[in-house]
Amino acid sequence: MSIVLNKKEFHQEPYEFYKEIRPHDAFAKVKLVSGIHDSWVAFTYEAADAVLKDERFVKNPRTVFPDVSEHELMPITHSMLFADPPDHRRLRSLVQRGFTPKMIQRLQGRIEEIAKIQVEQMKGKGTVDLIADYAFPIPIIVICELLGVPPEDRLDFQRWSNSMVEINDDPSFYEQVEVHIKEFQLYIEQLLAEKRIHPQDDLLSELIRAEDDGDKLSVQELYGAIMLMIVAGHETTVNLIANGMLALFTHPEQLKKLKESPNLIDGAIEEILRFNGPVEFSTDRYARESFTFMGKQLQKGDHVLVSLASADHDPTVFSGPDKLDITRERSPHLAFGKGIHYCLGAPLARLEGKIAIQTLLNAFPEIQINTALANLEWRQSFVIRGLKELPVKLK
């Protein structure tokens, strides 16, 4: 059976595909972009869980491709997301300083303030694009303030981020990606130079201070860490908020239940993460060596992905997986991954999602989707799961 994942139809409705493939192929070879890139993909929960925990699957491409040119790799591959122990522990411990429970708790009031500001700006409009007017501004403001990025530069980060997570068959698209990466690197270089002279109370200044104290990051590692925090720091939450509201719109009985019982919000966030989470696939892994895995023979260097979305709809683990149930008992979903690469920003994303959805429903209790579901277009990406727009009527 030939499996191809590069069609627009797949991105529009992946769950039907997953439902068809899971019973036959827990772990299968597929073709990705343009049909020229073969990858192994874990589709069942069992296979996904096993890949995420197996140390024979490495994150750093340089481990299996020592001769790879740095020109062929994105700067983000120098971040902890693409690192293996012991480098992973070192990089994660430095970045973790900005995501401690105490730091997240301190951000709650500011997140609530930002959400209320966005709500006030939407009042009187009648109809809006929930992503552009609400789901995007909240997390991009939060992560830029946390890092110390000036407000006037936020939209540039959206443009650069989009380039790094989307896919396209047009060769000129990747030429544009290279341009955006160079723009990003130049910007970060200038921003860091400014913060070395005028440090502030932000995470970038903290990383520079840590470097001065002997916890060294190479220039490439610093760029990679910043790129990761900016991309992951807002993309995940934008899609958590938008996907969550879409799930509630398409399950009106669950939306009604949440409005009547706001105390269900924590469970609702977990169920939204499972039902249509913001990250569809894990990032790249590679077989460190040749070995047999789940009955399939892998060769050293084989590319491996995990379909987190498929795993979280596996009926052997989740009862009635295709239905949203905000009262579902706390589930072992994989929306934020598992193991040493479990998402560092998960507590922040959960808090932002919780505040954003609660604030929105409090302000606009009659909010509803303002287009046919068939008109919604999903972004073409093998990482994130997100809509291009979500038109809503505020009432």
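This is a predicted model: local features need pLDDT of at least 70, side-chain atom pairs count only at pLDDT 80 or more; totals for chains, interfaces and linings use all residues.
How do the two helices cross? Two packed helices are described by the angle between their axes and the distance between the axes. Here the axes of α14 and α16 come within 10 Å and cross at roughly 115°. That angle makes α14 roughly perpendicular to α16, and the crossing is right-handed.

Both helices turn up again around α13. Which residues of α13 are buried? They are Gln254, Leu255 and Leu258. These three span an arc of only 100° around the axis, so they sit on the same side of α13. Over on the other side, Pro252 and Glu260 are exposed. The cover over the buried residues of α13 includes α12, α14 and α16.

Here are those covering helices with their residue ranges:

| Helix covering α13 | Residues |
|---|---|
| α12 | 219-249 |
| α14 | 265-276 |
| α16 | 346-363 |

Now for a single residue in a loop. Threonine 44 lies between β2 (38-42) and α3 (45-53). Is threonine 44 buried or exposed? Its relative accessibility is 9%, so threonine 44 counts as buried, the cut-off being under 20%. Leaving aside residues up to four places away in sequence, threonine 44 touches Arg22, Ala26, Ala311 and Asp314.

Technical notes:
Residues are numbered from 1 along each chain as its sequence is written. Side-chain values use heavy atoms; hydrogens and water are left out. Buried means under 20% relative accessible area, exposed over 50%, partly exposed in between (1.4 Å probe, protein chains only). Helices (H or I, at least four residues) and strands (E, at least two) are DSSP runs, numbered from the N terminus. The arc is that of the directions from the helix axis to the C-beta atoms. Contact means heavy atoms within 4.5 Å. Axes are lines fitted to C-alpha atoms, for helices over the stretch in contact, and angles run from 0 to 180 degrees between N-to-C directions. Angles under 35 degrees count as roughly parallel, over 145 as roughly antiparallel, 65 to 115 as roughly perpendicular and the rest as oblique. A crossing is left-handed if the near helix is turned anticlockwise from the far one by less than a right angle, and right-handed if clockwise.
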